[in-house]
Amino acid sequence: MHNSQSGFPAGGGGAYLLKGGDASSTCLTCHQVAGDTGPASYHISTPNGEMPFGTPPKQLSPGGDFGWLKKTYTWYADVVSPMSTSAGDRHGHNVNAQDFGFQQDGKNLTAPGGAYPSSALSCTSCHDPHGTYRRNQDGTISTSGKPIKESGSYETSSAPDAETSVGSYRMLAGTGYVQPGMTGGLAFSYAPPNAVAPSTYNRSEATSVTRVAYGSGFSDWCRNCHTNIHNGTYSFSHPAAGFASGATTGNLDATMINYYDQYIKTGDLSGTAANAYFSLVPFEVGSQNYGILKSIVTTTPTKGPDLADGTPAVMCLSCHRAHASGWDYGMRWNTKTSQITSNGKYSQETLLYQPFGQGRTEAEALQAYYQTPAVKFDPNQQGLCYKCHATLPQ
């Protein structure tokens, strides 16, 4: 990580003796690798030269590929409308990584709903680079105490015990965290969320979904930067966005759970609870019980929301990817159109007017849907909000 030997720089690099020119560039020296033939392990970004016009980024981790930030799309919806644009920097969190060509958000100077400056956004805005946050045997999170014996992120991770702790999920920072070099009272207010990921998580979902058991605390954790995003002030607040600690309005009640379980696609409500889970519309299990979360990942990965497991809820990641996606605002599906397929395809790349394909090639749209075949959906599939709101007009 640090370009030093005996306390002195050993060559070129950046501040804090980092090997890269900045924090995110240092992260990407390992997390972006040239020559991948497809999604690979812990890689979360695709090099510029490997995603020319019409070719999508390669990585399919649950958080998404930062390469989407460099893909801008234009299209005409019809004969009378002006050209529409989906700018690259609208596709997710714009980390600043100068060595890799990632720039500051071109529109928002601060995090929507908060004061966090976009000029400072980096991988270490969310992830603690030194991994000091740990989960203890009693479920508490601390930055000191028992030594961390391993990652706490996976279904194969050991449980903390009386002598050792495990790392927080994905090394996410928590209460009291201030990004290195950041000042001005922007310390985190919320602890890292609870979750369990499968050991193989960066993969095509052409034949089966990748199930992360999101336990609890995700929307609160996002509020560390997007402080006021759920207080009703913003027009883009989800109607069920009462996510502050102790709130219940984001919870899925029995009726909503039935919607989720039954919905397969537009016009098809024949689904069952055992096969209901869809990674394009994940939900929070509503539990901090790691035995339950690990069991979901290992034995019932397609299981829908279940009140026996906890208090299922909609959360930020139900609609957004944490890093970036092929759609505006890092959405898991295209919310800027009434249909996500048209005549059985995601894209309208050969047509003059593309109200639904919106400038993407079929390869790009397929990758943005994590290689979920278009035939899985209705030929004119409507948006995936209906996975939870199945009784709305369709």
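A charge is taken to sit over a ring if NZ of Lys or CZ of Arg is within 6 Å of the ring centre and within 35 degrees of the ring normal. In this predicted model, the charged end of K387 meets that description over the ring of Y260, at 4.4 Å from the ring centre. A second case involves R211, whose charged end sits over the ring of Y277, 3.8 Å from the centre.

Beyond its neighbours within four places in sequence, Y260 is in contact with A276, Y277, F278, V281, P282, F283, P305, K387 and C388. Y260 also counts as buried, as do I257, Y259 and D261 of helix 3. At the start of helix 3, the backbone nitrogen of T255 has a side-chain oxygen of D253 within 3.2 Å. The largest nonpolar core holds 64 residues, and F102, Y260 and L384 are the members that touch the most others. Strand 3 (73-75), strand 9, strand 10 (213-216), helix 2, helix 3 (254-262), helix 4 and helix 5 each give two or more residues to this core. The largest share, four residues, is that of helix 4.

A pair of rings is described by the distance of the centres and the angle of the planes. The model contains 13 aromatic pairs. One of them joins F188 and W221 edge-to-face, with 6.2 Å between the centres and 85° between the planes. F188 belongs to the loop between strand 8 (165-167) and strand 9 (194-196), while W221 is part of helix 2 (residues 218-222), so this pair ties together parts that are 33 residues apart in sequence. F188 counts as buried because its relative accessibility is 5%, and W221 counts as buried at 12%. Elsewhere, F278, W327, Y346, Y369 and F377 are linked into a cluster by ring pairs. F278 is also one of the residues in contact with Y260.

Two further sites show how separate stretches of the chain meet. A324 lies in the loop between helix 4 (290-299) and helix 5 (362-368), and its relative accessibility of 1% makes it buried. Setting aside residues up to four places away in sequence, A324 touches G63, G64, D65, F66, W68, L69, H91 and G92. The C-alpha atoms of A324 and I44 are separated by 9.6 Å, although these residues are 280 apart along the chain. E150, in strand 7 (residues 148-150), is partly exposed, with a relative accessibility of 30%. With S158, the side chain of E150 makes a polar contact of 2.7 Å. E150 and S168 are 18 residues apart in sequence, with 9.8 Å between their C-alpha atoms.

Turning to the chain as a whole, the secondary structure comprises five helices and 10 strands. Of the 394 residues, 49% count as buried. Among contacts between residues at least 6 apart in sequence, 58% join residues at least 24 apart. The C-alpha atoms fill a box of roughly 65 × 50 × 40 Å along the principal axes. The radius of gyration is 21 Å, which agrees with the value near 21 Å for a compact globule of 394 residues.

How values were computed
Residues are numbered from 1 along each chain as its sequence is written. This is a predicted model: local features need pLDDT of at least 70, side-chain atom pairs count only at pLDDT 80 or more; totals for chains, interfaces and linings use all residues. Side-chain values use heavy atoms; hydrogens and water are left out. Rings of Phe, Tyr and Trp (its six-membered ring) pair if their centres lie within 6.5 Å; planes under 30 degrees apart count as stacked, over 60 as edge-to-face and the rest as tilted. Buried means under 20% relative accessible area, exposed over 50%, partly exposed in between (1.4 Å probe, protein chains only). A polar contact is a pair of N or O atoms within 3.5 Å; within protein, one must be able to donate a hydrogen and the other to accept it, and residues adjacent in sequence count only if both atoms are side-chain atoms. Contact means heavy atoms within 4.5 Å. A nonpolar core is a set of buried Ala, Val, Leu, Ile, Met, Phe, Trp, Tyr and Cys residues joined through side-chain atoms within 4.5 Å. The radius of gyration is taken over C-alpha atoms; the globule rule is 2.2 Å times the number of residues to the power 0.38.
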